[in-house]
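Please look over the sequence and the model below before reading on.

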Amino acid sequence: MPLSRRQFLLAASALVGAGASLRASAAADADILVLGAGLSGLSAALTLQQAGARVQVIESRSRVGGRVLSFADVPGIPEAGGQSIGPGYGMLMTAARRFDVGLEDRLPAQLRHSRVELVLGGEAIAPERWPSSPLNPFPDVDKPKLPWQYAATLLAEGNPLAPGTPWYAQANAAHDRPLHDFFLERGATEAAIKLAYDTNPSYGTSARDISALQLMFIDAWTGMQRRMRPAAVYKAVGGNQRIPEAMAAGLEREVQLRTRAVALRQDAAGVTVTCDDGRRLKARLAICALPFTALRRLSFEPRLSGVQQEAVQKLPYQQSTQVALVARRPFWKDDGLSPSMWCDSLLARTFAHHEGDEVVSILVTAYGNKAAAIDRLGREGAIRRVIAEFEAARPSARGQLQAVAWHSWGLDPDAGGSWAVFAPGTVTRYLPAMSAPHGRVHFCGEHTALTARGMEGAMESGQRAAMEALRQL
Ligand SMILES: Cc1cc2nc3c(=O)[nH]c(=O)nc-3n(C[C@H](O)[C@H](O)[C@H](O)COP(=O)(O)OP(=O)(O)OC[C@H]3O[C@@H](n4cnc5c(N)ncnc54)[C@H](O)[C@@H]3O)c2cc1C
């Protein structure tokens with residue numbers, strides 16, 4: 001639970017000693033420099049500001065929000081980044097309320113338009129034909145399940161983690177192994193794993209290079225969100241990006257945009273961050289709210305070491321690429337199928353956005369190797385290929401589709417992927433060491449979250465890093 005302002009000030013004054021000054025020395029640009037204006041950096045900065053510290057946030061992009069990016073000009077405002085806000089996202093929802101960003105519940109619309117077509121080998125297979133399809137590799141009892149339902153059920157039914165458990169602890173090391181092995185033990189065949197997981201993996205490139213333990217944690221977290229009452233899936237009015245924008249506007253010092261940190265040096269007096277324009281910013285402490293893909297390009301003096309350094313260098317990030325489409329004509333009325341599809345082709349997954357009951361745009365998302373393959377074609381090539389794949393799967397869409405937005409998180413130099421993925425063996429090896437303070441430098445970001453995930457994990461990690469920094473200030 002987030003602390004109230006009063007609780008926070010009490011905690012902060014207890015940490016630094018009653019009456020002690022939190023102010024920086026005159027030579028410093030701030031008490032604390034926060035690198036990165038994604039949700040984790042903004043959450044840290046607001047928490048520190050509330051405790052009376054002078055905070056300066058710097059951000060390499062020309063906007064705040066990082067991996068929260070709304071395609072604001074596309075009808076239905078699809079999210080290119082952080083999308084669904086569960087009813088248990090207490091910290092994010094508190095921030096939205098505090099800064100007057102409205103949240104709307106998208107669950108009723110999602111339930112009304114929940115049909116997703118299964119498209120294999122270029123052909124849409126109706127749910128009633130799927131159990132007897134020769135392409136269905138599942139055991140008899142599971143044949144009615146669609147591929148994504150089969151993988152999710154296998155995981156949920158065999159998940160030994162209770163929600164809220166310290167999933168990264170050594171006690172869980174036995175589960176820190178390939179998801180593929182876990183699926184085999186649960187009775188899945190190679191063919192079933194290939195179709196149900198490897199076709200469109202949200203984590204890793206296949207069930208072989210992802211830790212079962214990470215998926216168990218995600219299943220426990222999302223299961224908890226689903227069981228909360230009243231059930232809801234929120235999205236910010238005007239797009240989720242409004243939340244980090246409003247948080248940034250709540251800072252006393254404006255976020256310095258287009259300011260990329262390239263080096264971080266620390267000594268007994270404080271930290272000095274060198275920016276790509278040559279400026280040097282000084283503070284007593286720093287918080288790095290960057291994905292490891294960006295952190296590994298930052299030069300540290302003194303250097304990071306041990307497991308923490310290994311994790312910064314090696315932690316993989318999920319590749320994902322999105323193309324937003326609008327249709328000139330409602331082609332789905334011609335063939336009677338849903339525009340939302342799950343495909344074994346490069347098209348991967350398509351998701352229809354509705355305003356009322358009208359489809360207003362379609363977001364195509366490819367993950368893993370499919371995203372990498374699309375990225376190799378460049379933006380225009382990727383768009384041409386996605387439309388060609390769409391038309392092959394849905395002949396009624398021929399000549400009807402127009403691409404209106406594109407984003408590759410893998411090619412995005414400030415992200416390097418959509419989220420951190422843990423290879424087998426690395427949850428228990430890396431995670432406890434990843435956010436350890438390095439002298440005057442603290443670390444946060446979704447990859448360091450311990451109890452929540454995604455956007456809420458980013459918020460959690462920012463508050464944790466702020467508390468650590470206050471203790472040291
Ligand atoms: C496609 C997609 C779908 C998602 N769906 C969901 C969802 O449904 N629900 C959910 O909860 N989460 C979801 N997420 C995850 C969520 O968006 C992220 O976990 C969260 O936004 C990460 O916040 P962060 O602060 O850790 O990192 P970031 O948002 O990446 O913030 C880091 C910031 O640092 C900046 N930066 C990088 N390098 C430097 C540098 N050298 N100097 C200064 N600044 C720098 C970056 O530009 C960025 O603004 C999704 C993400 C993606 C990409």
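Helices (H or I, at least four residues) and strands (E, at least two) are DSSP runs numbered from the N terminus. Helix 3 itself spans residues 90–98, and its buried members are Met91, Leu92, Met93, Ala95 and Ala96. A residue is buried if 20 or more other C-beta atoms lie within 10 Å of its own, exposed if 12 or fewer, and partly exposed in between, with C-beta atoms placed from the backbone. Just after helix 3, Asp100 takes a positive phi of about 60°.

## Basis of the model

The model is predicted: local features need pLDDT of at least 70, side-chain atom pairs count only at pLDDT 80 or more, and totals for chains, interfaces and linings use all residues. Residues are numbered from 1 along each chain as its sequence is written.

## Overall form

The chain contains 16 helices and 16 strands. Its radius of gyration is 23 Å, close to the 23 Å that the globule rule gives for 473 residues, so the chain is as compact as a globular protein of that length. This radius is taken over C-alpha atoms, and the globule rule is 2.2 Å times the number of residues to the power 0.38. Along the principal axes, the C-alpha atoms fill a box of roughly 75 × 50 × 45 Å.

Of the 473 residues, 48% count as buried. Among contacts in the chain with a separation of 6 or more, 74% are between residues 24 or more positions apart. Two residues are in contact if their C-beta atoms, placed from the backbone, lie within 7 Å.

## Domains and the nonpolar core

The domain assignment of the chain gives domain 1 (5–66 + 238–315 + 423–472) and domain 2 (137–227); such bounds come from an automatic or database assignment. Twelve residues from domain 1 and 15 residues from domain 2 take part in the contact. On the side of domain 1 that touches domain 2, the residues divide into seven nonpolar, four polar and one charged. Here Ala, Val, Leu, Ile, Met, Phe, Trp, Tyr, Cys and Pro count as nonpolar, Asp, Glu, Lys and Arg as charged, and the others, Gly among them, as polar. The centres of the two domains, taken over C-alpha atoms, are separated by 33 Å.

The largest nonpolar core has 132 residues, of which Ile32, Leu33, Leu35, Ala286 and Ile287 touch the most other members. Both domain 1 and domain 2 give residues to this core, so it lies between them. A nonpolar core is a set of buried Ala, Val, Leu, Ile, Met, Phe, Trp, Tyr and Cys residues joined through C-beta atoms within 7 Å. Residues up to four places away in sequence aside, Ile32 touches Leu48, Ala53, Val55, Ala283, Arg284, Leu285, Ala286, Ile287 and Ala469.

## The ligand shell

The ligand is surrounded by 37 residues, the closest being Gly36, Gly38, Gly66, Gly82 and Gly454. A residue belongs to this group if its C-beta atom, placed from the backbone, lies within 6 Å of the molecule. By class, the shell holds 16 nonpolar, 14 polar and seven charged residues.

Helix 2 (39–50) and helix 16 (454–472) each supply at least two residues of the shell. Helix 16 gives the most, with four residues.

Helix 15 (residues 426–434) has Thr426, Val427, Thr428, Tyr430, Leu431 and Met434 as its buried residues. Their cover includes helix 8 (212–227), helix 11 (306–314) and strand 16 (441–443).

Pro424 is in the loop between strand 15 (401–408) and helix 15. Pro424 counts as buried, with 20 C-beta neighbours inside 10 Å. Leaving aside neighbours within four places in sequence, Pro424 is in contact with Asp176, Arg177, Pro178 and Ser211. The C-alpha atoms of Pro424 and Leu213 are separated by 8.1 Å, although these residues are 211 apart along the chain.

## Backbone features in loops

A cis peptide bond, with omega about 0°, joins Arg229 and Pro230. Pro230 lies in the loop between helix 8 and strand 6. The peptide bond from Glu301 to Pro302 is cis, with omega near 0°, and Pro302 lies in the loop between strand 10 (299–301) and helix 11.

Ile77 is not a glycine, yet has a positive phi of about 45°. The loop between strand 2 (55–58) and helix 3 holds Ile77, which is buried with 22 C-beta neighbours inside 10 Å.
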